[in-house]
Each structure stands twice: as C-alpha cells, then as structure tokens.
Amino acid sequence: MGCGSSKDGTADSPKKAASPRKSNAKAEQVEVDVSNSKTDSPERQRATPSPTNVSPRKEQQSPDYDASYAGTQSPHPESPKHEDVKGKAGKSKYEDKDETSFQEANDKGYKRRVRERLKTSTGGSDIQDLEKMIALFERSRLEDCGDLTRAKERLRYLKLKRDLRDSMRRRHVGVLNRTIADVQASPYAYQLRTQLEKAEKLRDHLKELNTYNHDILQMEQTTISELRSYQRPPSCVHDVMAATYMLLGHSEDRLTEWADIQCQMGKLGREGLVRQVETFDTNDVDDQTASRVQEILGYHDLDQVRAASNGAASFHVWSSQMVEKINKDKQREEDTRRQEEEKQSVASSKGRKKKG
C-alpha cells in the first residue's frame with residue numbers, strides 16, 4: 001500500500017479528515033432543529049420564511065411596494081420619541097389642546113356674521129335678499145333676540161307695499177279690492193296710508209268707468225257693422241262717432257271724412273272700437289280735447305241721435321258721461337288743492353302768531 005491510502009486500497013478523503021470538534025457542532029445543531037420542530041406549531045412553521053427563499057444580499061419585497069415611500073414611515077408607536085410628539089389618539093398634543101377653542105370661536109364668528117347680515121337686510125328694501133337671509137337665519141338655528149321677528153315684520157310690510165304698487169299698475173278692480181283689504185287688515189295701514197289712498201281713489205275711478213262702459217262692452221259687433229255700413233250717414237251720427245274717436249286719442253283732422261271713420265270702425269283686436277273703449281281712461285284726455293268733444297255733442301240731443309241710430313245713441317251717452325267725469329274730476333282736484341292751500345296758510349299764520 002502506498003502512502004496516504006487506506007487498508008482497502010482507497011485514498012483518504014479530506015471530508016473524512018475533518019476534526020472531531022466540527023462534527024460535534026453539527027450534531028448539536030441537528031438536535032436543536034429537531035427540538036424546535038417539535039415545539040413549534042404548524043402555523044408558526046408556515047409563517048417562518050424558509051432560508052432558501054431569502055436572498056443573502058437583498059430582502060424579498062412585496063409587488064405593491066413603492067420605493068417613493070421608503071424612509072417616510074413614522075417611528076414605532078412604542079418609541080419614546082414618538083410618544084413625545086403624538087398623543088394616544090394619534091393627534092398632536094398642540095392640535096388637541098386648541099381644537100375645541102378654535103371650533104367654538106369659528107362657530108361664534110359665523111353666527112355673528114349671519115345675524116349682522118340679517119340686520120342689514122332688514123334695514124333695506126330688497127324683498128328677495130331679506131327672504132334669503134331669514135331662511136339662512138332659521139337654518140342656522142340662531143336665537144331670535146328680536147332680530148328675526150323684526151325681519152319678518154319688515155318683509156310683510158315690503159310685500160304689502162309691493163302688492164299695492166302692482167295692483168295699481170294692473171288697474172283691475174277685483175285685484176285692487178283684495179289688496180286694499182289686506183293692507184287695511186294689517187298693522188301697517190297707517191304707514192301705507194299714502195299708497196292706500198291712491199289705490200282707493202284709482203279703484204273708485206275704475207269702477208265708475210266700468211259702469212259707463214257697460215253698454216258699449218255689451219254691444220255686439222253687428223251694431224258696429226251697421227254703423228259702418230252707412231254710405232252717407234246723418235250728420236248727428238258722423239259727429240257722435242267723430243267725438244268718440246277724439247276721446248280715444250284720434251286727431252279731429254283725420255275724422256272729417258266719413259271714410260276715415262269707417263276705416264277705424266273696421267279694425268279688430270286691440271285696435272277695435274270696443275277694445276279701445278274698454279282700456280280708455282279719462283286721465284289721458286287733455287282739457288282742450290274734452291272741451292271740443294263737449295261742444296260737438298252739444299250740436300245734437302240724444303233723442304235726435306237715437307232716432308237716427310241706436311248704436312250711435314249708445315256712443316253719444318258714453319261720450320257725454322266721459323266728458324262729464326273729466327270735468328268732475330278736474331273740479332275735485334281743484335277743490336282738494338284749494339283745501340291744502342288753506343291748511344298751509346292757517347298753519348303759517350299760527351306759526352307767525354307764536355313767534356310774535
């Protein structure tokens with residue numbers, strides 16, 4: 001046998017030449033692994049990563065891992081440094097200290113602004129703005145303190161004032177009656193007395209006009225067609241119809257020929273004769289026109305006109321009533337103006353006596 005060979009003729013392996021200390025360490029490691037495998041539960045074994053799956057140089061990362069967040073994680077909650085900055089709820093102790101007081105101050109400031117805006121709107125005359133602020137005040141559930149009550153009273157006053165103005169523009173007796181009744185039943189009748197007097201005066205004026213217009217408005221179109229069918233009407237018929245159209249705003253120069261009057265009577269709709277009578281207002285007639293119409297109507301009495309045409313007689317009555325109303329209204333205005341002048345003179349004379 002040569003040098004370095006075993007009894008059976010094979011060479012000695014380096015692994016078999018290992019020292020006894022190394023083989024003893026391996027035996028101890030195997031015993032520890034066996035004991036750990038007996039004591040660990042199956043769950044723990046599944047949770048423990050296998051050494052073969054871990055890279056010796058770089059840890060295995062999750063597919064959802066985002067490198068941009070690396071190094072931005074907050075310190076461990078059990079760290080003493082973290083406890084100095086954050087409280088138990090995860091909020092800064094400075095935020096926790098001032099949060100309640102800040103919310104209370106902010107809430108009070110908002111309520112104060114809502115109340116001030118309501119007061120400003122109450123002092124104005126904008127109905128829509130006041131309605132909006134009242135709704136906001138109620139949604140905010142603020143205490144009244146008299147501000148909401150005053151705002152609602154102001155809103156009712158403004159609405160009544162607006163209704164009076166609108167009803168006067170509409171010039172409808174029924175609408176005026178309802179609005180006047182609402183104002184009289186309210187606590188603002190004295191404050192709105194000027195507008196109320198104007199509305200009552202206009203209502204009475206329109207009622208009187210409607211009374212005079214009744215016969216004309218009930219007139220059938222056949223009656224007007226009968227008048228228009230005249231080729232050479234009696235002078236009384238021509239004069240009555242010319243006076244009627246003069247009251248309605250037409251110039252006398254354009255009514256001298258019967259053909260011109262026939263053309264006017266042939267119009268329908270808004271320009272029709274009955275429609276013009278319905279919308280007529282004596283306040284639109286000047287004194288000169290009223291005097292001229294009265295003069296023309298004086299040429300023929302009612303019986304003469306009725307004998308010629310019943311339709312023309314109806315317009316004679318209407319025109320005469322309109323002229324009479326114009327004169328009556330003018331006289332009433334003069335009396336009112338005279339009374340006011342007398343009151344002012346009496347007041348001024350009393351003032352001079354007191355100074356003397």
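Aspartate 281 is buried, because its relative accessible area is 6%, and a residue counts as buried when that value is under 20%. The model described here is a predicted one. Aspartate 281 sits in the loop that links α12 (273-278) to α13. Leaving aside residues up to four places away in sequence, aspartate 281 touches Arg171, His205 and Leu209. With arginine 171 there is a polar contact between side chains, at 2.3 Å. The side chain of aspartate 281 also makes a polar contact with that of histidine 205, at 2.6 Å.

How accessible is arginine 171? Its relative accessibility is 35%, so it counts as partly exposed. The backbone of arginine 171 has a positive phi, near 60°, although the residue is not a glycine. Most residues other than glycine have a negative phi.

Arginine 141 also has a positive phi, of about 55°, and is likewise not a glycine. It is found in the loop between α5 (127-139) and α6 (147-170). Is arginine 141 buried or exposed? Arginine 141 is exposed, because its relative accessible area is 76% and the cut-off for exposed is over 50%.

| Residue | Relative accessible area | Class |
|---|---|---|
| Aspartate 281 | 6% | buried |
| Arginine 171 | 35% | partly exposed |
| Arginine 141 | 76% | exposed |

## Helix packing

Helix α10 (residues 235-247) and helix α13 (residues 287-297) have axes 9 Å apart, at an angle of about 165°. Why are α10 and α13 described as roughly antiparallel? An angle over 145 degrees counts as roughly antiparallel, and the angle between α10 and α13 is about 165°; the two helices are therefore roughly antiparallel to each other. The crossing of α10 past α13 is left-handed.

On the α10 side, the residues in contact are Asp239, Val240, Ala243, Met246 and Leu247, and they meet Thr289, Arg292, Val293, Ile296 and Leu297 of α13. Sorted by class, this contact has seven nonpolar residues, one polar residue and two charged residues.

A second pair is formed by helix α9 (residues 221-228) and helix α11 (residues 258-265), whose axes come within 9 Å and cross at roughly 160°. These two helices, α9 and α11, are therefore also roughly antiparallel to each other. Their crossing is left-handed. Which residues make the contact between α9 and α11? From α9 they are Ile224, Leu227 and Arg228, and from α11 they are Trp258, Gln262 and Met265. By class, the contact of α9 with α11 has four nonpolar residues, one polar and one charged.

## The chain as a whole

The helices named above belong to a chain whose secondary structure consists of 15 helices and zero strands. The chain has 356 residues, and buried residues make up 27% of them. Aspartate 281, at 6% relative accessible area, is one of the buried residues. Among the contacts in the chain with a separation of 6 or more, 64% are between residues 24 or more positions apart.

Terms used: Residues numbered from 1 in each chain as written. Predicted model: local features only at pLDDT ≥ 70, side-chain atom pairs only at ≥ 80, totals over all residues. Heavy atoms only, no water. Axes fitted to C-alpha atoms, helices over the stretch in contact; angles between N-to-C directions. Helix = DSSP H or I, 4+ residues; strand = E, 2+ residues; numbered from the N terminus. Parallel < 35°, antiparallel > 145°, perpendicular 65-115°, else oblique. Left-handed = near helix turned anticlockwise from the far one by under 90°. Contact = heavy atoms within 4.5 Å. Nonpolar A, V, L, I, M, F, W, Y, C, P; charged D, E, K, R; others polar. Buried < 20%, exposed > 50% of the residue type's maximum accessible area, 1.4 Å probe, protein only. Polar contact = N/O pair within 3.5 Å; in protein donor to acceptor, adjacent residues only side chain to side chain.
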